[in-house]
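Work through the exercises below with the model in view. Try each task before reading its solution.

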There are 2 protein chains.
Amino acid sequence: MAVNEGSSRSSLNVVIEAYLQHGMLSRSDLASLTGISRSAITEITQNLLDVGLLQEFPVIQEKQGRGRPAISLRFRASHGYFVGVSITGTPSPAILADMQGNVVGEYEMPPSETPQKTATAIRRAMNDLLRQTGVPRARLLGIGMAVTGVIDERAGLCRYSAALNWRDVPIARLVKESTGVESYVGNDANAVAIGEKLFGRARDLRHFSSVILGGNIGCAHYIDGNLYRGYDGGAGEVGHVTLDVDGPRCRCGKNGCLDMYAGGISMQAIAQKAGLACDSVHDIEALAAVGNAEALAILRRGGQALGLAVASLIQINNPECVLFADVEGFGKGIFQATTRQVIENNILPRFLASTEIIFHQVERSFLARAAASIAAQQYLRVGIVPRANSMGLLNK
Amino acid sequence: MAVNEGSSRSSLNVVIEAYLQHGMLSRSDLASLTGISRSAITEITQNLLDVGLLQEFPVIQEKQGRGRPAISLRFRASHGYFVGVSITGTPSPAILADMQGNVVGEYEMPPSETPQKTATAIRRAMNDLLRQTGVPRARLLGIGMAVTGVIDERAGLCRYSAALNWRDVPIARLVKESTGVESYVGNDANAVAIGEKLFGRARDLRHFSSVILGGNIGCAHYIDGNLYRGYDGGAGEVGHVTLDVDGPRCRCGKNGCLDMYAGGISMQAIAQKAGLACDSVHDIEALAAVGNAEALAILRRGGQALGLAVASLIQINNPECVLFADVEGFGKGIFQATTRQVIENNILPRFLASTEIIFHQVERSFLARAAASIAAQQYLRVGIVPRANSMGLLNK
DNA sequence: CCATTTATTTCAAAATAAGAAATAAATAAA
DNA sequence: TTTATTTATTTCTTATTTTGAAATAAATGG
């Protein structure tokens with residue numbers, strides 16, 4: 001039986017959770033949001049201020065009401081720092097983020113090879129980032145990694161990654177051993193969702209799905225303000241939704257998976273087979289823009305497939321918003337337009353009005369930043385916040 | 001901003017929640033499940049025993065371990081009673097259930113017409129049930145209603161119901177006014193899921209989806225041990241997942257919705273149009289069983305459609321189990337076999353192993369019983385449990 | 001400048017939870 | 001049959017947490 005099923009109990013945890021969810025809140029907000037008495041809030045926030053986790057934020061509010069203005073509180077940026085790395089097969093930035101999620105340092109990582117080499121590369125990245133920024137090692141509170149593949153977050157394991165050719169790699173332990181710093185792994189699609197929630201477009205949303213448009217299609221859901229991982233961590237496999245049982249065979253063994261139509265890898269392969277000169281989906285969009293019929297067809301077919309799959313998702317889960325994170329470089333082209341159109345045509349009118357569809361391009365460091373946030377969240381939830389008096393931080 | 005976002009805080013609520021989720025737990029179980037100290041558990045359960053909500057359960061355990069045997073506790077059946085009604089266009093039973101979800105009385109309701117008549121009919125049902133069972137009115141703690149359609153559970157409103165031809169009906173208020181008893185409404189698909197969780201096949205599952213095979217296809221999800229309603233209560237509209245953009249037009253205005261292939265109403269309509277003599281899908285199965293090609297084709301097409309939609313659901317949400325509640329009477333026929341087959345063929349191997357697929361027939365009173373449970377849950381969560389000393393039950 | 005409004009704090013009282021040690025009820029072994 | 005061992009539950013004291021009421025603060029609008 002799991003320990004502590006529901007969620008945190010003590011008011012302290014409720015308060016920390018509220019800041020993880022909302023970023024900036026006055027004591028008054030906290031009281032009405034959590035139902036905890038205002039006097040208790042004063043006490044709890046005082047402790048967190050003493051400890052240095054929270055900070056009062058000089059308010060320059062335009063819209064000020066009648067009475068005494070509220071003082072907003074938020075995490076104190078320099079309370080702690082986290083390294084974030086996106087472990088993919090390609091070179092990618094490692095970053096150092098502060099407690100507010102600001103990127104304070106970047107470092108270019110080589111593409112990951114063996115787990116051991118990756119751990120070593122992360123140690124180098126960490127050392128360079130600390131030197132570069134002057135952050136003392138003691139203030140480094142965790143290392144977060146976003147990995148493409150099937151991840152067991154609790155165990156800190158990469159169960160399987162096709163891109164890295166890893167199987168059952170205890171990467172969290174390896175990195176912890178290499179660096180001496182507490183380390184956490186997460187799935188990259190989940191990391192994107194966490195990034196969207198913490199500093200992206202989903203800041204104040206409690207229910208949303210994010211869809212990663214990359215070489216493959218990834219997806220993750222926030223439900224009731226929390227990342228939903230599924231029964232055994234598999235939620236979000238939209239990429240393998242079947243669209244046509246007679247469609248082309250996917251590497252997963254099934255036919256007509258979404259990935260075969262809308263995944264960057266497949267689209268490029270199809271384009272190259274058709275004799276188009278392209279190195280990325282961006283090039284396909286460019287060709288379509290100048291009227292290339294073949295390119296147009298590929299993008300339309302991809303958008304149609306993605307639109308149908310996401311329409312299903314919307315009707316099954318009724319998210320407040322679906323966020324497409326474009327990492328491949330589709331931009332505002334045919335693909336996006338088709339996807340939107342097909343979604344609109346295939347959901348019930350009631351969802352049409354209430355579901356926001358957002359496409360946006362994400363930067364190279366987005367995943368690394370999100371990975372750092374995973375570490376920050378874990379750190380705060382596991383509750384290693386130094387104690388003021390003897391606030392018992394609960395085990396989760 | 002919502003009051004009390006996360007979940008309950010006080011240990012009392014955590015304990016009640018644990019019993020809502022698991023039904024029967026010893027103090028020891030509670031302590032390890034919730035992380036609350038054993039001494040606190042003793043105190044809390046003592047209060048709940050005093051109040052009469054909990055009851056010690058004489059254990060006849062086969063598998064007894066080493067030390068002192070644990071004493072299981074559970075809700076005391078006679079602590080309170082709830083009326084449950086399924087409001088559909090057809091005659092349906094109203095039931096009286098005790099705190100453990102046992103049905104202690106049944107009453108046959110006429111088909112619902114106007115909201116006002118429905119409220120009156122429910123009053124009659126209530127009075128008869130109380131008379132019939134001898135339960136004192138003071139012990140009737142709530143009335144729960146399961147309604148087919150779009151429901152705003154918080155407001156106690158039926159936003160829209162095609163089957164009843166209702167629009168924005170404040171049914172909870174009407175029934176409360178008519179009966180003087182606190183009343184709650186829920187969507188029928190949600191009610192089925194709640195029923196499965198509380199006394200059906202999903203008792204110990206934290207993540208599952210239930211699919212109602214009725215005139216239309218309904219669906220609801222449990223996520224992390226709680227019913228997930230979606231951003232605006234629309235989660236579970238699997239019935240309108242598009243399977244073929246060129247398919248037959250659905251009454252929702254789109255083409256090729258799942259309902260058009262696998263909904264009982266559509267299947268019957270198709271069968272009748274094809275000249276088959278049938279009054280129910282059960283008849284179609286019977287015809288298929290004796291080799292009728294047309295009947296076979298209809299069932300196969302339906303099962304194929306349902307299988308594909310559910311395969312998508314599984315890959316999107318990774319539930320532990322998908323429970324099909326057969327209210328139409330398909331039974332163990334072609335439809336079920338095809339659905340299973342298609343699901344298996346269209347999900348990733350990793351889901352094949354970890355996702356349980358269960359079909360089962362539900363009784364006529366299942367929905368009414370589930371509706372009563374909705375009332376019970378609401379009652380316990382809102383926290384009107386009489387106070388022993390001054391246990392502050394939190395607002396939710 | 002004063003009434004009003006909203007935010008935050010103070011402080012004593014009450015409620016709650018934890019921890020250690022005691023007690024209970026079983027089984028396994030001597 | 002004892003006796004040791006194991007697991008469950010309770011008791012009781014202590015410490016912590018939370019509340020509620022009243023006080024204080026900081027703004028706006030006459």
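**Exercise 1.** Find what share of the chain A contacts between residues at least 6 apart in sequence join residues at least 24 apart.

*Solution.* Two residues are in contact if their C-beta atoms, placed from the backbone, lie within 7 Å. In chain A, 61% of the contacts in question join residues at least 24 apart. This is a predicted model: local features need pLDDT of at least 70, side-chain atom pairs count only at pLDDT 80 or more, and totals for chains, interfaces and linings use all residues. Residues are numbered from 1 along each chain as its sequence is written, while chains are lettered from A and ligands numbered from 1 in the order in which they are written.

**Exercise 2.** Describe the make-up of chain A.

*Solution.* Start with the DSSP runs: helices are H or I, at least four residues, and strands are E, at least two, numbered from the N terminus. Chain A has 13 helices and 16 strands. Next, take burial: a residue is buried with 20 or more other C-beta atoms within 10 Å of its own, exposed with 12 or fewer, and partly exposed in between, with C-beta atoms placed from the backbone. Of the 396 residues, 52% are buried.

**Exercise 3.** Which residues of helix α8 of chain A are buried, and what covers them?

*Solution.* Helix α8 covers residues 264-273. Buried here are A:Gly264, A:Ser266, A:Met267, A:Gln268 and A:Ala271. Their cover includes α7 (258-262), α9 (281-289) and α10 (293-317) of chain A. Just past α8(A), A:Gly275 has a positive phi of about 85°.
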